[in-house]
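Welcome! Here is a short briefing to read alongside the sequence and the 3D view.

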There are 2 protein chains.
Amino acid sequence: MDVDIGNALSSVASPGLSRDALEALDEQVAVAHERIEMGRANDEHGYAALNLPNTTDPETIRSAVDPVVDADTLITIGIGGSALGAATITDALADAGDGTETLYLDNVDPAWVNQRLEGLDLERTAINVVSRSGTTAETLANFLVVRDAFDAAGVDWTDRTVVTTGDSGPLIELAARHDLPAVTVPDGVPGRFSALSAVGMVAAAVCGNDLEALLAGARAEADTLTGSLFSCPAYAYGATTYALDARGVSMNAMMPYAESLETYAEWFAQLWAESLGKDDLGQTPVRALGVTDQHSQLQLYRAGPRDKLVTFVTPRNRPNRPIPDTDVEALSYLGNATLGGLLEAEFEATEASLAAAGRPNVRVELDRVDAYEIGGLLYGMEAACVLAGELYGVNAFNQPAVEWAKKATRGLLGGGDFEEAEAVAEKETLRIER
Amino acid sequence: MDVDIGNALSSVASPGLSRDALEALDEQVAVAHERIEMGRANDEHGYAALNLPNTTDPETIRSAVDPVVDADTLITIGIGGSALGAATITDALADAGDGTETLYLDNVDPAWVNQRLEGLDLERTAINVVSRSGTTAETLANFLVVRDAFDAAGVDWTDRTVVTTGDSGPLIELAARHDLPAVTVPDGVPGRFSALSAVGMVAAAVCGNDLEALLAGARAEADTLTGSLFSCPAYAYGATTYALDARGVSMNAMMPYAESLETYAEWFAQLWAESLGKDDLGQTPVRALGVTDQHSQLQLYRAGPRDKLVTFVTPRNRPNRPIPDTDVEALSYLGNATLGGLLEAEFEATEASLAAAGRPNVRVELDRVDAYEIGGLLYGMEAACVLAGELYGVNAFNQPAVEWAKKATRGLLGGGDFEEAEAVAEKETLRIER
């Protein structure tokens, strides 16, 4: 990825960063980089994720999925980091794949699960179940439901299932018992940093995406991690967001100008929120989509509080489609254009409209939406996030605040005694009813 | 809708609202209510939207769509308020409809448009084109593209098209020329407040949703607008969000616990952002989804900066599905549960986990996800937004900040001389390349 932070400079935006501030920031970046390099060298927890482009073996993944590679539909059962990386890749690269339909069961809403499972030809469907611990409640509940649906249809789910999990736990035992192909979630790689491991790439392999190109793109990005924000797009991005947050820019609206990157914005939102949202710190990621959200969010971004950065992600090349001519005079200017030209013009206009209003924004450019560039984008944003974690001084690799609700849920369902479950009953209420 | 603001009280949350603060706020609500009632009585611009439950005629809409009501697929071409209300309704009520597939062309990404139009049986497809002005660039470009696809397939698009537009402009002229069924965008109703007019209900009618129930639910909500936040769920919600924003809660994460309400969160985000995001004011809406985002955003919501409200929307009743028993001991507690029970437990646990961390949150309860309740929810949130606009002292019904980019786009495409287009070329750059 290439990054342009021109519209985040104080010559354009307020809040914005002066050249002097960037120079000072770059000294912090150099120190943080040393820490990151040490973490990578020692394969420390979390930092190990930045080594995935060299440690992930596409051949292992391809051979695991070989029994189901002919599936028409792939159901990936996972949640959070066990789903978003895979979905980001297969959604971005859907046009480059083999046409496998993907279905991500990342929620337990029964109406929705019922509806999604209806009408599937299970003989032609494969299951990709992903949970490092093998005990994630939502994932295992959905897996039990899906297995049951296969049983009810008389289709042997053990022929159609690939497991991605850790070295121990119920899922790996199940895989051993039923002789299921299983791949391992690598040690030291938190879910939200696992897109470039088997966690993200099993689905891509079933869909026929180019795993080698994903990793090569990530490696090219890794090669830029050289200790200065002025020579590393990932560090430029991470440092800019951090420095803007310190100046009151508490939100980061991720706004790709490509529908196929809508899921990427979801992935980014998890990466940013879970990694940096701790110790009362962290920028809130906001998911947006160009051009659609120009008609929904732009008014706020341009004229609301000066508390947000807009990050554009845009490919320099994309497929196109002409806009047919029209005899309606008011629209004749469209007839000279293409949909792609209209999209590009809207992107440039929106970017400039924020700049003209002094609102900070950053442009992330990809050459095109392909496996190489997506590998680079995912890696680059992970590196940006790790850098930001160093600058904030937080541990970007844990998520302690989600444990409370997990225990409460378990207690409420009769899975043990947890004081958190008791707290649920003590809710304060002030109800206003219709 | 019923609203519970107990977890936004200062006895629970920080920032939070004291009982005294609520009493003082209620005096402002009473004054704002008078203004709103006057606006409604005079059908003033914007306020007129709150009269739609009494002014929208379902029969007119149904008779307009009669020629295409048998369609298997409905393509709605619109953007922003011309798409989100309709999509919210048809997505929420998909299970209650007649099975018509819906496709919302609300973006001009050529790769995506190409892909969405591929493989459609156009003989069995209807077009719902929606633009008040009849000149919205994205909508008209897509309409020209879709017409062309019909022509190429030898299907007469004039037999398959319903137009929703204003009293003048290219679309109404086109409808007259080709004798297309056309319904009118009502005067004085901004797009984001138009879900309960033809703008939102043409698609619902084609999908076989219950228009009368949508309007009846909205009327029931309208009947609660009585001048006090303590007796009106909509005002309770609008006043609480405003008062929290004044105390530093600059974000509002809308988090439904129902997949079918995911689009509703998009609709809400437009309503909130475009209506209130002006004069450097306005709370930023953040779109979330339970339970999925517990594994993505909850860490930040619970342990990040104290700058956000989480709004839960949850139905008291929903379809269900049992979780099959398992012989895996660690998961046996799940086997006593249902997917719905798991979802409910996760909701209550998440709500309590935020309260335990002193983070303000509000619960919006629906009896169930049906037409009556959705009508109430949409109306209630619109009324909440209008109230918040009064409290902020902004005009909730305009969106002046989006004009700049529209002019720049037009200029870039050769549609006239606009100084905004020239500003695009003067972009400040600081590029960091891979």
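A residue is called buried when its relative accessible area is under 20%, exposed when that area is over 50%, and partly exposed in between, using a 1.4 Å probe and protein chains only. By that rule R287(B) is buried, at 9% relative accessibility. This is a predicted model, in which local features need pLDDT of at least 70, side-chain atom pairs count only at pLDDT 80 or more, and totals for chains, interfaces and linings use all residues. Residues are numbered from 1 along each chain as its sequence is written, chains are lettered from A and ligands numbered from 1 in the order in which they are written, and side-chain values use heavy atoms, with hydrogens and water left out.

**Chain A as a whole**

- Chain A has 16 helices and 11 strands; these are DSSP runs numbered from the N terminus, with helices being H or I of at least four residues and strands E of at least two.
- Its C-alpha trace spans about 65 × 60 × 60 Å along the principal axes.
- Of the 434 residues in chain A, 67% are buried.
- Contact means heavy atoms within 4.5 Å, and 76% of the contacts in chain A with a separation of 6 or more are between residues 24 or more positions apart.

**How the two chains relate**

- A288(A) sits in the loop between β8 (284-287) and α12 (298-303) of chain A, is buried at 4% relative accessibility, and has R287(B) among its contacts beyond four places in sequence.

**Salt bridges**

- A salt bridge is a side-chain nitrogen of Lys or Arg within 4 Å of a carboxyl oxygen of Asp or Glu, and the whole structure holds 55 of them over all chains.
- R318(B) pairs with D109(A), the closest N and O atoms being 4.0 Å apart; R318(B) lies in a loop of chain B and D109(A) in a loop of chain A, so this salt bridge joins two chains.
- E266(B) and R287(B) form a salt bridge at 2.7 Å, N to O, linking helix α11 to strand β8 (residues 284-287) of chain B across 21 residues.
- While R287(B) is buried, E266(B) is partly exposed at 27% relative accessibility.
- D72(B) and R124(B) also meet in a salt bridge, at 3.0 Å, N to O.

**Two buried residues in chain B**

- D26(B), in helix α1 (residues 19-41) of chain B, is buried but has no salt bridge, and R19(B), the nearest side chain of opposite charge, is 12 Å away; Lys and Arg count as positive and Asp and Glu as negative, while His and the chain ends are not counted.
- The D26(B) side chain does make a polar contact with the side chain of S228(B), at 3.0 Å.
- A polar contact is a pair of N or O atoms within 3.5 Å; within protein, one must be able to donate a hydrogen and the other to accept it, and residues adjacent in sequence count only if both atoms are side-chain atoms.
- S275(B), in helix α11 (residues 262-276) of chain B, is buried at 0% relative accessibility.
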